[in-house]
Amino acid sequence: MATEIIKTIKSSGGDYTSRSAFEAAVPANLVTLDEQWSGVIDAFEDTTAVTVSGITTDATRYVEFRVASGQGHAGKWDATKARLAITAGVDSLTISVPYTRVIGDQVKCSTNNNNYFDGIVVAAAAANARIVKCIVKESAGITATIRRGIAVGGISGDAYIINNIVYDFITASCIGISCANASGKTYVYNNT
């Protein structure tokens, strides 16, 4: 069984001050090290976009972002709890590594009005990614023509989108959850 390496993500006093800094510190090959890295997120607003990439993983040695006990939402957006809120014109969280997990987080899309800036993107290389118990919402006043809360695109393996709340995607071409697998399946269970 892989050794779990737990690192805290806090505005101050933790191991890292952003999800992005935690991702940058994850070793390149978790399989060789026989490690599973968990970033445990405290209640603060992280404004740095995250791209999970360049890490070798498998089903038992993977990267996980999870909210610390008592620091997460209670089923609705909570500006006092752990949250990723991007203001620049980029996707908030992009996953390009297989088996990556995001559990209990809140993600707000960029406030930029350009197209295709999404909340959580499960990219083609991220087979078997899991997005669980998250809230993803659109920033107020966005007029971009195409936006997605959770976007699964072109993966050749499966993806799991479970028990999430996605809302405020109100323009005609906005989509709460978008799935486009190459050959796998996207399991979308119990989402609102």
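Okay, strands β6 (residues 83-85) and β9 (residues 106-108): these two pair in the parallel sense, over two bridges. Pairing here takes at least two bridges found by DSSP between two strands. Across that pair, Leu 84 stands opposite Val 107 in β9. One caution before I go on: this is a predicted model, where local features need pLDDT of at least 70 and side-chain atom pairs count only at pLDDT 80 or more, while totals for chains, interfaces and linings use all residues. Residues are numbered from 1 along each chain as its sequence is written, and side-chain values use heavy atoms, with hydrogens and water left out.

Now, where do β6 and β9 belong? They sit in an open sheet of five strands, ordered β3-β6-β9-β12-β15, with parallel pairing. Its edge strands are β3 (45-46) and β15 (165-167), each pairing on one side only. As a reminder, strands of a sheet pair through backbone hydrogen bonds, either parallel or antiparallel.

Then β11 runs parallel to β14 (residues 159-162), joined by four bridges, with Ala 129 opposite Ala 159.

Stepping back, the chain has two helices and 17 strands. Those are DSSP runs numbered from the N terminus: helices are H or I with at least four residues, strands are E with at least two. Of the 192 residues, 47% count as buried. Buried means under 20% relative accessible area, exposed means over 50%, and partly exposed is in between, using a 1.4 Å probe and protein chains only. And among contacts between residues at least 6 apart in sequence, 80% join residues at least 24 apart; a contact means heavy atoms within 4.5 Å.

Let's zoom in on the loop between β7 and β8. Is Thr 100 buried or exposed? Thr 100 counts as buried because its relative accessibility is 0%. It is placed in the loop between β7 (93-95) and β8, and its side chain reaches the backbone oxygen of Val 97 at 2.9 Å. That's a polar contact: a pair of N or O atoms within 3.5 Å, where within protein one must be able to donate a hydrogen and the other to accept it, and residues adjacent in sequence count only if both atoms are side-chain atoms. Leaving aside neighbours within four places in sequence, Thr 100 is in contact with several residues, including Val 52, Phe 65 and Ala 129.

Val 97 lies in that loop between β7 and β8 too. Val 97 is buried, with a relative accessible area of 1%. Beyond its neighbours within four places in sequence, its contacts include Ser 53, Ile 55 and Ala 126.

Last topic: charges. A search of the whole structure finds seven salt bridges, each a side-chain nitrogen of Lys or Arg within 4 Å of a carboxyl oxygen of Asp or Glu. One of them joins Glu 4 and Arg 66 at 2.9 Å, N to O. This pair links distant parts of the chain, with Glu 4 in β1 (residues 3-9) and Arg 66 in β5 (residues 63-67), 62 residues apart. Glu 4 is partly exposed at 36% relative accessibility, and Arg 66 is partly exposed at 23%.

Arg 61 meets Asp 34 in a salt bridge at 3.1 Å, N to O. Asp 58 forms one with Arg 61 as well, the closest N and O atoms being 2.3 Å apart. Both Asp 58 and Arg 61 are buried.
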